[in-house]
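The reader may wish to keep the view at hand while following the text.

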Amino acid sequence: MSDQDGRSEYSHVVSVNSMSADKLQLAPNPVKEELSIRVSSGDRFDRLSIFDPTGRIVLQQKVSGNVINLHVADLPNGIYFLRLSSSASQDQAMERIVISR
């Protein structure tokens, strides 16, 4: 790919291991105040991020364990994307969540 001045540059390729939906269970979805996230045993994530539809991070926190209770009452109604990731590996899991009151 070339930019405006005709120069081109290659980006470093990074491998990401994406987890399938059966590794992650969210309830309830749509959610009003608190979302329960259950990660299948053996999977270890330490970071949670929630993005709005534009890709802006609206919530980010450190997590641990296989059951995470997430308070979302401060977020406005809408569609969001939840991503769990690991700093020790490049594993991640992403799911869509709906906040509706």
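## Strand pairing

In strand E8, Val98 is the residue that stands opposite Ile79. The model is predicted: local features need pLDDT of at least 70 and side-chain atom pairs count only at pLDDT 80 or more, whereas totals for chains, interfaces and linings use all residues. Residues are numbered from 1 along each chain as its sequence is written, and side-chain values use heavy atoms, with hydrogens and water left out.

Strands are DSSP runs (E, at least two residues) numbered from the N terminus, and two of them pair if DSSP finds at least two bridges between them. Strands E7 and E8 run antiparallel, and a hairpin of five residues joins E7 to E8. Strand E7 also pairs with E4 in the antiparallel sense; here Arg47 stands opposite Ser85 of E7.

A further group of strands forms an open sheet of three strands, in the order E2-E3-E6 and with antiparallel pairing. Strand E2 (24-27) and strand E6 (67-71) each have a single partner strand and stand at the edges, so one side of each lacks a neighbour in the sheet. Neighbouring strands of this sheet are turned by 20° against each other on average, direction ignored; the axes are lines fitted to C-alpha atoms, and angles run from 0 to 180 degrees between N-to-C directions. Within E6, Val67 is the bridge partner of Arg38.

| Pair | Residues given | Bridges |
|---|---|---|
| E4 and E7 | 47-51 and 78-85 | five bridges |
| E7 and E8 | E8: 91-99 | eight bridges |
| E3 and E6 | E3: 34-39 | five bridges |

How values were computed
Helices (H or I, at least four residues) and strands (E, at least two) are DSSP runs, numbered from the N terminus.
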